[in-house]
Amino acid sequence: MISRSAAPLGFSSLLLASVLVAVPARAEEGSVFSNLFKFGGTTVPPSQAESLDPAYCPPVEVAEGGAASRTLAGEAVRTQFSLGRLARECTRRQDGSITVKAGVEVNVLLGPAGAPGRFDVPVTFQIRHEGKVVTSRVERASVTVGPGEAQGFATIVADELLVPVALTADYDIAVGVGTAKGGGGKAAAKPRRRKPAVAAAPDGGGDAAQ
């Protein structure tokens, strides 16, 4: 004998199952499943910073009168401080301004009246626009000339020299030995030219040695 209660129960279960199957699955924004399809993983990757235009990065210039400085003992030369190799690197910031990292090699040469020892050499770094100083900083190097040696070398690096947004297409980088005459003098005479907004430079901001 067939039980009458078994059929309704079976039908109800079948109906419930069909309803469950018929209801479409809802995609949830930010779910593990959706992230797997969107980003190839179960988590949302961090947002990437917008790419910035290459920074204009002019060659480093030696300020007029700033290539070398001498100390005297009477009429005899005691020491001579001079600049050697120059390098710079320019980086554009999110706000559009540029920061310059400039480096110089400093040489101390003993003259006839000189003696070995440790020498403090100041070098002035400047950012200029049309001959006017925009940013200026003095960095110092300690150069040692040992017994029996005639000269010594050191490297000075100035970081984060700021170029304002309005001047990023036309500015100069100048360096000079000293804190006043050498570093603060005007740039060596040269024909003025309008610089392009972006100059050809290696990827990463224009690292270059001269």
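Before the first entry I note that contact here means heavy atoms within 4.5 Å, and that the model I am reading is a predicted one.

**Entry on Val104 and the core.** I looked up Val104 and, leaving aside its neighbours within four places in sequence, found it in contact with Leu83, Arg85, Leu86, Val123, Phe125, Ala154, Thr155, Ile156 and Val175. I then turned to the largest nonpolar core, which has 33 residues, and saw that Val100, Val104, Phe125 and Tyr171 are the members that touch the most other members. Strand S3 (76-92), strand S4 (98-110), strand S5 (117-129), S6, strand S7 (151-163) and strand S8 (172-177) each supply at least two residues of this core, and S4 gives the most, with 7 residues.

**Entry on Arg137.** I placed Arg137 in strand S6, which covers residues 132-145. Not counting residues up to four places away in sequence, Arg137 touches Val123, Thr124, Phe125, Ala158, Asp159, Glu160 and Leu161. For Glu160 I also noted that its backbone oxygen lies 3.2 Å from a polar atom of the side chain of Arg137. The C-alpha atoms of Arg137 and Gln126 are separated by 6.5 Å, although these residues are 11 apart along the chain.

**Entry on salt bridges.** How many salt bridges does the structure hold? I found 4, and I wrote down three of them in detail, recalling that side chains of opposite charge can pair when their charged atoms come close.

- Arg137 forms a salt bridge with Glu139, with the closest N and O atoms 3.8 Å apart, and Glu139 is partly exposed, with a relative accessible area of 22%.
- Arg140 forms a salt bridge with Asp120, where the closest N and O atoms are 2.6 Å apart. This pair links distant parts of the chain, since Arg140 is in strand S6 and Asp120 in strand S5, 20 residues apart. Arg140 counts as exposed because its relative accessible area is 51%, whereas Asp120, at 43%, counts as partly exposed.
- The side chains of Arg93 and Asp95 meet in a salt bridge at 3.5 Å, N to O. Arg93 is partly exposed, with a relative accessible area of 34%, and Asp95 is partly exposed at 49%.

Technical notes:
Residues are numbered from 1 along each chain as its sequence is written. This is a predicted model: local features need pLDDT of at least 70, side-chain atom pairs count only at pLDDT 80 or more; totals for chains, interfaces and linings use all residues. Side-chain values use heavy atoms; hydrogens and water are left out. Helices (H or I, at least four residues) and strands (E, at least two) are DSSP runs, numbered from the N terminus. A polar contact is a pair of N or O atoms within 3.5 Å; within protein, one must be able to donate a hydrogen and the other to accept it, and residues adjacent in sequence count only if both atoms are side-chain atoms. A nonpolar core is a set of buried Ala, Val, Leu, Ile, Met, Phe, Trp, Tyr and Cys residues joined through side-chain atoms within 4.5 Å. Buried means under 20% relative accessible area, exposed over 50%, partly exposed in between (1.4 Å probe, protein chains only).
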